[in-house]
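Good morning, and thank you for coming. I shall take you through one protein chain step by step, and I ask you to keep the structure in view as I speak.

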Amino acid sequence: MQTIDSKNLIDHTALSRAAVSVVERLCDNDYSAFIVGGAVRDLLLGKRPKDFDVATNATPEQVVALFRGSRIIGRRFQIVHVRMGREIIEVTTFRGHHEDGAAQTAVKSQKGLLLRDNVYGTLDQDAARRDLTINALYLDPIDQLILDDLNGLEDIRQRVVRIIGDPATRYSEDPVRMLRVVRFAAKLGFSIEQASSAAISQCRHLLADIPAARLFDETLKLFMAGFAAPTIEHLTTHGLLEPLFPEALGAMEDASSRTLILKAMGNTDARIARGKPVTPAFLLGALLWPAVAYKRRNISNTGAEGSPINAAGQQVLAITLQRVAIPKRFSIPMREIWELQPRLEKCSSKRVKSVLSQRRFRAAFDLLLLRAESSDELKATVAFWEEQQQLFPEVVGSLPATEIPQRKRRPRRRKRDQ
Ligand code: ATP
Ligand code: MG
């Protein structure tokens, strides 16, 4: 294990007081404990860590016994949340190898997917179980040392994202690691090491086995962390867009749709950088808009009954939900943003106030602005709605939620009755 003096490498005053207290108390009780993962990586890069994680040789039960107000959470990975003032520090117990006679606590599926992983081990084993070398650095804040077993420091210097161990095996154990590779490459502006990148094409189909709810959580981390534009480029080049958003694949191959998506992502990133609020409904709405528009045209051409935009939205959403479980609180506004597009296209002065007053008017207008960048016809439409907003500023988005026609709920049948 390489031990490096951390005094000149990181700013120790930027450490969370709470995380250091957790480490101190564990060490005072004869356990070993370190600050690990993203916090060490970000401090080495001079960035402010999002949160602080601690790794220790104490078991979750032993940790809970030391800290009042702490609790064990998680099933696949058991971790302890320790509350220290206003901060919550995640404390994990060193994980070991699965081969070491602990078959009953680590459970793998037939395809090699890790279903449960609560085998405890040593610090070296814990480092080897982590995803990336740059995430496997251990900081001892008391003696101000960094333990680096896997050349993570060198990879930070070289600015490379590298999977620990054999990439295909590690991706098979947990396919979400492929998404983490591109997420960190985009966020840090790092390149992806050759073998870590090459194995993605071989393993990306395994994302089909990941529950749609977990993929939605990962989608938020991919797109709502301020680096959505570079992330979507990485996802596309590595063939990872298809397992998440198959409906967006065609759009990324078409020049004007691709521009619309990258602009939507870039605008969101800029808003996050300025500390402004953002919603996944707009971002995902823009990502899927080209597919909705394409289906809408096809449906219109067939002359089918009903509203083409509603039918198109429903179809695109249904296909997407099979992969990524977008909750209703986002999918309903997404559809409202889409469904307002034909009404905006009309520019009819009779219905102006009714359109302006829709609670999704602003978001729908933002999508119209993006669409107008590749359409002269829509530029005139944008000018019309800009004028209307100036004429009736008090009306914009004024329709309260209760006045929005609610979709009728079908009474839920109880399982037993089916
Ligand atoms: P962020 O800045 O996004 O919080 P992070 O590196 O701290 O980055 P977390 O998701 O908080 O990421 O995970 C904490 C640590 O746990 C990681 O640094 C990594 O060492 C380990 N880890 C997380 N997810 C996995 C995984 N799927 N497989 C292996 N190790 C993982
Ligand atoms: Mg973290």
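Predicted model: local features only at pLDDT ≥ 70, side-chain atom pairs only at ≥ 80, totals over all residues.

What volume does the largest cavity have? The largest cavity has a volume of about 30 Å³. Here a cavity is a set of points, on a 1 Å grid over the protein atoms alone, where a 1.4 Å probe fits but cannot get out, and lining residues have an atom within 4 Å of a point. Grid points are joined across faces, edges and corners, and a volume is the space filled by probe spheres set on the points.

Residues are numbered from 1 along each chain as its sequence is written, chains are lettered from A and ligands numbered from 1 in the order in which they are written, and side-chain values use heavy atoms, with hydrogens and water left out.

Let us return to the cavity. The count comes to one cavity of 30 Å³ or more. Its lining consists of Arg183, Lys187, Lys221, Leu222, Ala225, Gly226, Phe227, Ala228 and Thr231. Two or more lining residues come from each of helix H7 (176–188), helix H9 (212–223) and helix H10 (228–237). Helices (H or I, at least four residues) and strands (E, at least two) are DSSP runs, numbered from the N terminus. By class, the cavity lining has four nonpolar, two polar and three charged residues. In this scheme Ala, Val, Leu, Ile, Met, Phe, Trp, Tyr, Cys and Pro are nonpolar, Asp, Glu, Lys and Arg are charged, and the others, Gly among them, are polar.

I turn now to the largest pocket, which holds about 1500 Å³ of space. A pocket, unlike a cavity, is an open set of points, with protein on both sides within 12 Å along at least five of seven lines. Which helix gives the most to this lining? The answer is H7, with six residues. Of the residues in the pocket lining, 13 are nonpolar, six polar and 25 charged. Why does the pocket lie between two domains? It does so because domain 1 (2–158) and domain 2 (212–391) both give residues to its lining. Those bounds come from an automatic or database domain assignment.

Next, the chain as a whole. Its secondary structure comes to 19 helices and twelve strands. Of its 418 residues, 50% are buried; buried means under 20% relative accessible area, exposed over 50%, and partly exposed in between, with a 1.4 Å probe and protein chains only. Among contacts (heavy atoms within 4.5 Å) between residues at least 6 apart in sequence, 67% join residues at least 24 apart.

Thr56, in strand E3, illustrates such burial: its relative accessible area is 0%. The C-alpha atoms of Thr56 and Val91 are separated by 7.2 Å, although these residues are 35 apart along the chain. Leaving out residues up to four places away in sequence, Thr56 touches several others, including Leu26, Tyr31, Val63 and Val91.

Leu26 also belongs to the buried residues of helix H1 (residues 17–28), among them Ala18 and Val20. The covering of these buried residues includes strand E2 (33–36), E3 (53–56) and helix H3 (60–66).

Now consider helix H18 (residues 361–372). Its twelve residues should span 16 Å at 1.5 Å a residue, and its end C-alpha atoms are 16 Å apart, which agrees. The expected span is 1.5 Å times one less than the number of residues. Buried residues of H18 include Phe361, Phe365 and Leu368. They pack against elements including helix H13 (255–273) and helix H16. Within H16 (residues 328–346) we find Ser331, which is buried at 7% and touches Leu317 and Ile326, not counting residues up to four places away in sequence.

I close with backbone angles. Most residues other than glycine have a negative phi. Asn151, however, has a positive phi near 60°; this residue is in the loop between strand E10 (145–148) and helix H5 (152–158). Is Asn151 buried or partly exposed? At 43% relative accessibility, Asn151 counts as partly exposed. Arg159 likewise has a positive phi, of about 60°, and with a relative accessible area of 39% is partly exposed.
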